[in-house]
Amino acid sequence: MRWLLFMLALIPGSAQADTLIATRTLRAQTVLTPADLALEPGTLPGALTTPEEAIGLETRVAIYAGRPLHPEELGPPAIVERNQIVPLTYRQGGLLIQTEGRALDRAGVGDTIRVMNVGSRSTVFARIAADGTAIVSTQ
């Protein structure tokens, strides 16, 4: 009997997973809490399957109630707002340049955005660090 149960457990498709859905309509830029999420039986390819994957993240687009959540619709919460003045840093070898920049987009930690150097008015691409500093990409 144990052998039969073991064999049934190995049959593909016998396990059922859940799909993570929104419990209410979520506007873009909403930071997700447990009250915003629910599990629905069944799997949907590409959809998130556990609340831990989404709690604390921010919606990038509007998500309607009852709809599944996908990873590309979520991201880290923004720490830099559009038009905010941010420290702008460029480092290459032993050279370090620091100035002020104006964020031209909204961004979270690790996002790459356009930043305008306040002094020269030139626009560069920069990655946002955990402390809100924009670090110029050397591409």
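**View 1. Threonine 133 makes a side-chain polar contact with the side chain of aspartate 131, at 2.9 Å.** A polar contact is an N or O pair within 3.5 Å, one able to donate a hydrogen and the other to accept it, with neighbours in sequence counted only if both atoms are side-chain atoms. This is a predicted model, in which local features need pLDDT of at least 70 and side-chain atom pairs pLDDT 80 or more, while totals for chains, interfaces and linings use all residues. Numbering starts from 1 along each chain as its sequence is written, and side-chain values use heavy atoms, without hydrogens and water. Threonine 133 sits in the loop between strand S10 (123-128) and strand S11 (134-136). Strands are DSSP runs (E, at least two residues), numbered from the N terminus. Threonine 133 counts as buried because its relative accessibility is 14%. Buried means under 20% relative accessible area, exposed over 50%, partly exposed in between (1.4 Å probe, protein chains only). Leaving out residues up to four places away in sequence, threonine 133 touches Pro87, Thr89, Arg127 and Ile128. Here contact means heavy atoms within 4.5 Å.

View 2. Strands pair if DSSP finds at least two bridges between them.

**View 3. S6 and S7 form a hairpin.** Strand S6 covers residues 85-92 and runs antiparallel to S7. Eight bridges join S6 to S7. Two residues lie between the strands. Glycine 93, in the turn, has a positive phi of about 60°. Isoleucine 85 has arginine 102 of S7 as its bridge partner.

**View 4. S7 also runs antiparallel to S9.** S7 spans residues 95-103, and S9 spans residues 112-117. Three bridges join S7 to S9. Arginine 102 stands opposite methionine 116 in S9. Glycine 101 stands opposite asparagine 117 in S9. Arginine 102 therefore has partners in two views: it is the S7 bridge partner of isoleucine 85, and it faces methionine 116 in S9, with pairing defined by at least two DSSP bridges between strands.

**View 5. Aspartate 36 and arginine 24 meet in a salt bridge.** The side chains come to 2.8 Å, N to O. The pair links distant parts of the chain, twelve residues apart. Aspartate 36 and arginine 24 both lie in the loop between strand S1 (18-22) and strand S2 (37-41). Aspartate 36 is buried, because its relative accessible area is 3%. Arginine 24, at 41% relative accessibility, is partly exposed. A salt bridge is a side-chain nitrogen of Lys or Arg within 4 Å of a carboxyl oxygen of Asp or Glu. The structure holds six salt bridges.

**View 6. Arginine 60 forms salt bridges with glutamate 58 and aspartate 111.** For glutamate 58 and arginine 60, the closest N and O atoms are 3.3 Å apart. Glutamate 58 is buried, at 3% relative accessibility. Arginine 60 is partly exposed, at 33%. For aspartate 111 and arginine 60, the closest N and O atoms are 3.4 Å apart. This second pair links distant parts of the chain, 51 residues apart. Aspartate 111 lies in the loop between strand S8 (107-108) and S9. Arginine 60 lies in the loop between strand S3 (58-59) and strand S4 (74-75). Aspartate 111 is partly exposed, with a relative accessible area of 23%. Salt bridges with shared partners join Glu58, Arg60, Glu81, Arg106 and Asp111 into one network.

Technical notes
Helix = DSSP H or I, 4+ residues; strand = E, 2+ residues; numbered from the N terminus.
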